[in-house]
Amino acid sequence: MARALYISADAYYAKDNKDSAFYQYSQSEKIYRKINNFGRVGEVVLYKSYIYYDIGEYELCENEAFKALQLLQKENRVQDVYYAYNLIALALEGQDNNNEALKYYEKALSQLQEFKEQGIANTELRTYNASCHNNIGCVYLKLGNYSKAIAIFNEAISSINIKKEKPELYAKLLNNLAYAKFKSGDNTELPGLFYKALKVRGNIGDQSGVVASNLYLGEYFAKLKDTTKALMHLKPAYDEATKIKSHVEVLAALKLLTTVDPANSPAYSSEYYKVNEELQKAAKKARGRFARIAYETDRLEFEKEALVKKNSFIIGVSAVSLLFVAAIFSIYYLNSRNKKLLLIQQQQKASEEIYQLMFEQQSKVEAARRDEKNRIAMELHDGILNNIYAVRLNLEFINKKLDEESVEKRKNYIKELQKVETEIRGVSHDLSRSAMFSGDKSFKSLLEFMINSQKNSFNTSFNLTIDPDIDWEALTDVVKVNVYRIIQEALQNINKYSKADNAYIRVSKDGNTVSVKVTDDGVGFEPTKARDGIGIKNLRKRASLLNGNLNIDSAPGKGSTVEVSFSI
């Protein structure tokens, strides 16, 4: 039961539901105490301390962390002792007790010697060591000892493979090193170090880190009186911090913007005080909530124990004194009280479950809405725009001719435009089924018509090969739509950029695997530079919808090959 409560608390904490996590940790702690599992008690108390730290209750965090430390040391929980030292140091730092914080960071660092004795991997040891040095360096930054901070950050960065093993930590160290150099008046390697850290954070999707880098860059350029560049970094920092609800960074950005952008200073100042006041109210509310949870948990536990003792006492007295009626009444009364307490607990649990269900449902709705938007955008790009572009090229090419064959082709392209109109209507009303299959043409004939109608300014020769063993009627419209769009997108890229003499389209089947391969002998391109283009993204999305694999092989001057393979 204690383990189940502990796991449940971890899940709530991971979802940032601190109230429920604190309650479940408290319940787990009581059970572990009853069974004298003090190693687990220390672990649970440590996690409760983390919650106090998250809500800014640094004194409570420090007190609870010390309790956890005593228990964990007795049980020789080496890693948890390291975490406790670090958390105590963080709590002391939050109270501006920086010199004491340094002592506990040093204790955490010395704890790493015991890690080696327990056979913990070198990769983890390097990470713990670099992280601890980063914390120590940040304290020296606060104390204004910039030379010491620079030396510590440099030592951590020089750790073997830290850049490869922990890029997020590496970027944090780089950013802090750059800031320490800036604060010391040493602008060598600046702003290069700042931008290097920003690039790493952007590549790994570290949103909070990107905000921190932009804040430091904004402060750096503000110091240099380069208002334009300062605003170029501070405004995105403010927007991103607001988006990820990082209130501390929001306040930091607003404070800098107030000084850097005098024209909008009143608005920034007003927003600063508004956010600050909201944070203070939220902190006060959180303190009250956790105090009530702790009180209610203790009260319910005390009442339960008192009721059990009283129940036993009444039964004993009734047996001796023969006050059978009074004893029955007392037992009935106490059982009612127990049921009432149980009902209160069940109601609390039900409320939590209802909230969780509402949260999950909202997440599903948002995900569905986002997927639908993406699907509409992709359908418009891959289908309608490509069709219009292809028909426009063909009409421009044929309009120069007046023979009967050209007239007949113009009629066909006009019909193709009518089909595009049908597709637009289909996208607007129901994307679950493509408008391209509303007629009586086979899928193979649709592909042949699309290939045969290709024209471009390079006079590229298009060649189509379709495996006769593929039973298109047995495949769903979803599969056929995506195959069609993949070929269409590849042809569009050939028509726009390739300057190819020949293009080969091959649809083949090997067992249960279908392969769609489009090759040209044109100028080629660098796939890594084009990976963020909407066409490449849509190809990747189409392949994903088929549960297949996308492979793009190209190089400048060597043509290109786009291949998608999937199982049927």
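Helices here are DSSP runs of H or I with at least four residues, numbered from the N terminus. The model is a predicted one, in which local features need pLDDT of at least 70 and side-chain atom pairs count only at pLDDT 80 or more, while totals for chains, interfaces and linings use all residues. Residues are numbered from 1 along each chain as its sequence is written, and side-chain values use heavy atoms, with hydrogens and water left out.

Helix 3 spans residues 38-54 and reaches 24 Å from its first C-alpha to its last, close to the 24 Å expected at 1.5 Å a residue, the expected span being 1.5 Å times one less than the number of residues. After helix 3 comes glycine 56, whose phi is positive, near 85°. Among the buried residues of helix 3 are Val41, Val44, Val45 and Leu46, where buried means under 20% relative accessible area, exposed over 50% and partly exposed in between, with a 1.4 Å probe and protein chains only.

The structure holds 17 aromatic pairs, counted when ring centres of Phe, Tyr or Trp (its six-membered ring) lie within 6.5 Å, with planes under 30 degrees apart called stacked, over 60 edge-to-face and the rest tilted. Tyrosine 47 and tyrosine 50 have ring centres 6.0 Å apart and planes at 35°, so this pair is tilted; being 3 residues apart in helix 3, they are separated by about one helical turn. Tyrosine 47 is partly exposed at 26% relative accessibility, and tyrosine 50 is partly exposed at 23%.

Tyrosine 85 and tyrosine 104 form a tilted pair, 6.3 Å centre to centre with 40° between the planes. Because tyrosine 85 lies in helix 5 and tyrosine 104 in helix 6, the pair ties together parts 19 residues apart in sequence.

How values were computed:
Helix = DSSP H or I, 4+ residues; strand = E, 2+ residues; numbered from the N terminus.
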